[in-house]
Amino acid sequence: MTTKGKFFLDLFERATFTYLETLLGLLIATGTDVLDLTTAKVAAVAAIPAGLAVVKAGLASMVGTPGTASVLPTGSEPTR
C-alpha cells in the first residue's frame with residue numbers, strides 16, 4: 001500500500017472512531033436526562049469532533065510519521 005493510501009486509511013479509522021465514540025457518549029448522556037438533544041442533533045454534534053480529528057490528521061501529516069495521521073515522529077510509535 002502506498003504512503004498516501006496508508007495515510008487515508010489511518011485518517012478514516014481515526015475520524016470514524018472519534019465520531020462513533022462521541023455519538024455513543026452523547027446518546028448515553030441524552031438517555032440519562034443529563035442532555036436534552038434529539039437523535040438527529042446528537043448525530044450532527046458528534047460530527048464536530050470527527051471533523052476536528054480530520055483537521056488534526058491533516059496537520060499531523062506535515063509534522064508526524066509519514067504515511068500516518070499521527071503527530072508522533074518516526075521512531076516514537078508504540079511497539080507491539
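Modeller: Let's begin with a word we'll need all the way through: "buried" means under 20% relative accessible area, "exposed" means over 50%, and "partly exposed" is in between, using a 1.4 Å probe and protein chains only. Keep in mind that this is a predicted model, where local features need pLDDT of at least 70, side-chain atom pairs count only at pLDDT 80 or more, and totals for chains, interfaces and linings use all residues. Residues are numbered from 1 along each chain as its sequence is written, and side-chain values use heavy atoms, with hydrogens and water left out.

The spot I've picked is Asp 10. Is Asp 10 buried or exposed? With a relative accessible area of 15%, Asp 10 is buried. You'll find Asp 10 in helix H1, where a helix is a DSSP run of H or I with at least four residues, and a strand is a run of E with at least two, numbered from the N terminus.

So what does the side chain of Asp 10 meet? Asp 10 and Arg 14 come together in a salt bridge, with 2.9 Å from N to O. The rule asks for a side-chain nitrogen of Lys or Arg within 4 Å of a carboxyl oxygen of Asp or Glu. The structure holds one salt bridge, and that's this one. Both partners lie in H1, four residues apart, or about one turn of the helix. An α-helix has 3.6 residues a turn, so residues three or four places apart point the same way. Arg 14 has 32% relative accessibility, so Arg 14 counts as partly exposed, whereas Asp 10 is buried.

Leave out residues up to four places away in sequence, and Asp 10 touches Thr 68, Ala 69 and Ser 70; contact here means heavy atoms within 4.5 Å.

Now zoom out to the helix. H1 covers residues 3–31, and its 29 residues at 1.5 Å each should span 42 Å; the expected span is 1.5 Å times one less than the number of residues. The C-alpha atoms at its ends are 42 Å apart, so that agrees.

Phe 7 deserves a quick stop. Aromatic rings of Phe, Tyr and Trp (its six-membered ring) pair if their centres lie within 6.5 Å, and planes under 30 degrees apart are stacked, over 60 edge-to-face and the rest tilted. That gives one aromatic pair. Phe 7 and Phe 8 form it edge-to-face, at 5.3 Å centre to centre and 75 degrees between the planes. Phe 7 counts as buried because its relative accessibility is 12%, while Phe 8, at 46%, is partly exposed.

At 72% relative accessibility, Met 1 counts as exposed. Setting aside neighbours within four places in sequence, Met 1 is in contact with Lys 6 and Leu 9.

How does all this sit in the whole protein? The secondary structure comes to two helices and zero strands, and buried residues make up 24% of the 80 residues. Of the contacts between residues at least 6 apart in sequence, 51% join residues at least 24 apart.
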